[in-house]
Amino acid sequence: MKLQKPKGTQDILPGQSEKWQYVEALARETFKKYRYQEIRTPIFEHYEVISRSVGDTTDIVTKEMYDFYDKGDRHITLRPEGTAPVVRSYVENKFFAPEVQKPVKLYYMGSMFRYERPQAGRLREFHQIGVECFGTLNPAVDVETIAMAAQLFDELGIQNVTLHLNSLGNSSSRAAYRQALIDYLTPLREGLSKDSQRRLEENPLRVLDSKEPEDKVAVENAPSILDYLDEESQIHFDTVRQLLEKLDIPYIIDTNMVRGLDYYNHTIFEFVTDVAGSELTICAGGRYDSLVEYFGGPDTPSFGFGMGVERLLLVLDKQGVSLPLEEELDIYITVLGAEANGRALELVQALRRQGFRAERDYLDRKIKAQFKSADSFGAKTILTLGQSEIESNQVTVKNNQTRAEVTVSLTDVETNFQEILKNLEA
Ligand code: ATP
Ligand code: MG
């Protein structure tokens, strides 16, 4: 038995978890500006919720699922992504009903699970922050959703993010392209990887998504899907481009980008950054107009994205972005002698109830060790409490940076520490 974390998982420890909280809080704030509301779905789903919607021939479903049969013989999988579960919930909870305001805008944050080979920015349990907008084909939604991700990256201080854009068109455009791609790839079949030879039969667009070097070479001169868009698809794509330009959001067109999931149509996109010379996708998404119907709901065109939190933090780290984290304590109480233990507890509680970040010594240590703790917690002020302070009801509060001191009554500390802080800072 191994008493260590499973391969591809991480403990998010203090020091790191503050960064997670910051990113999550900023995402919530940003999404709120666009009227998004949070949804929390189960960590596991029936296998069927994921398998056909994500695609029976995708890598996620064929290779990466954490699935098992539970004690009731139900085929269960840990969720590998967020969109299919949210769509399942949307339909199950009848969010399509006319009394629910459209579009419905939902966001989620949480763990996803994929059995992959772990490496930098690739884990088996990883976290996504994602959004889904249900109920309109308006290309303005495609663009505002992309703009929302861009706003978040901007507010986080991430640099060198490039928006990659493509269109998969509607189903008839895709059928025409599929044939063109088969015609192009068939003569090259022998040079393709084993997986891609199979993909060529089952789902040729998946060959474009392959990471095998021989497949990448083979698809270099593949026909472009953009040459197969019908009028409706062309208009949608052109409008998205115009609206991106209206908002001054730069992008590049990437015709070989297909995304690793089968449910997309029309607009698809990725935000790619550069980390130590290699490209890393931190956010990806697109339009999926048939998924709600697939789950038994009415025709509901939809758009969404997922971003990888580990990758986001990796990029922030590599780019040397320092997040404005507030970690310091307002006050540290040093406690001299066991007799002061109870009074110290009353005092620290009174401070916390006034809204301050307060900590005290619990270990009855030498004063020097207690001052060291105050420093390492970044305490703004220090209050020293011993028997004589308790008897006189007078204490000295010291600004730990300027060394300025004030002597005040314990009652003042308990009822109006705000005023004491103000005097010490002035
Ligand atoms: P990739 O091509 O890198 O495998 P993907 O197409 O499988 O990515 P999506 O399913 O679109 O990724 O997931 C959205 C985002 O989630 C990715 O852009 C990435 O930032 C993150 N992500 C995906 N898989 C992992 C993983 N195994 N570990 C960490 N982050 C991941
Ligand atoms: Mg993947």
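For "binding site", the unreviewed UniProt entry lists E81, G82, T83, R114, Q128, E132, R259, Y263 and Y264; UniProt positions are given here in the numbering of this model, feature names are shortened, and annotations may be inferred rather than shown by experiment. The structure is a predicted model, in which local features need pLDDT of at least 70 and side-chain atom pairs count only at pLDDT 80 or more, while totals for chains, interfaces and linings use all residues. Residues are numbered from 1 along each chain as its sequence is written, chains are lettered from A and ligands numbered from 1 in the order in which they are written, and side-chain values use heavy atoms, with hydrogens and water left out.

## Annotated positions in strand β6

Q128 is placed in strand β6 (residues 125-134), and E132 is found in strand β6 as well; helices (H or I, at least four residues) and strands (E, at least two) are DSSP runs, numbered from the N terminus. Q128 is buried, with a relative accessible area of 12%, and E132 is buried at 0%, where buried means under 20% relative accessible area, exposed over 50%, and partly exposed in between (1.4 Å probe, protein chains only).

Contact here means heavy atoms within 4.5 Å. Not counting residues up to four places away in sequence, Q128 touches E81, G82, Y108, M109, G110, M112, R114, G306, M307 and V309. With that same exclusion, the residues touched by E132 include Y36, G82, T83, V86, V104, K105, Y288 and F303.

UniProt also places the feature "domain: Aminoacyl-transfer RNA synthetases class-II family profile", again from an unreviewed entry, at residues 23-324. The end C-alpha atoms of that span lie 11 Å apart, and its content is 37% helix and 23% strand.

The protein chain is divided into domain 1 (16-170 + 230-319) and domain 2 (329-425), with bounds that come from an automatic or database domain assignment. The C-alpha centres of domain 1 and domain 2 lie 48 Å apart.

S173 lies in helix α6 (residues 171-185) and is buried, with a relative accessible area of 2%. Leaving aside neighbours within four places in sequence, S173 is in contact with Y228, L229, D230 and S233. The C-alpha atoms of S173 and H266 are separated by 9.6 Å, although the two residues are 93 residues apart along the chain.

## Helix α12

Helix α12 (residues 341-353) has 13 residues and reaches 18 Å from its first C-alpha to its last, close to the 18 Å expected at 1.5 Å a residue; that expected span is 1.5 Å times one less than the number of residues. The buried residues of α12 are R343, A344, L347, V348, A350 and L351. Seen down the helix axis, the buried residues of α12 fall within an arc of 160°, so they line one face of the helix; the arc is that of the directions from the helix axis to the C-beta atoms.

What covers these buried residues includes the strands β12 (331-335), β13 (358-360) and β14 (381-385), together with α14 (387-392), α15 (410-415) and α16 (417-425). After α12 comes G355, whose phi is positive, near 105°.

## Salt bridges

A search of the whole structure finds 25 salt bridges, a salt bridge being a side-chain nitrogen of Lys or Arg within 4 Å of a carboxyl oxygen of Asp or Glu.

| Pair | Closest N to O distance |
|---|---|
| D70 and R74 | 3.1 Å |
| K380 and D330 | 3.0 Å |

K380 forms a salt bridge with D330. This pair links distant parts of the chain, with K380 in the loop between α13 (367-376) and β14 and D330 in the loop between α11 (309-318) and β12, 50 residues apart. K380 counts as partly exposed at 31% relative accessibility, whereas D330 counts as buried at 11%.

R343 lies in helix α12 and E414 in helix α15, so the pair ties together parts that are 71 residues apart in sequence. R343 counts as buried at 18% relative accessibility, and E414 is partly exposed at 22%. Elsewhere, salt bridges that share partners join D59, K63, D195, R198, R199 and E202 into one network.
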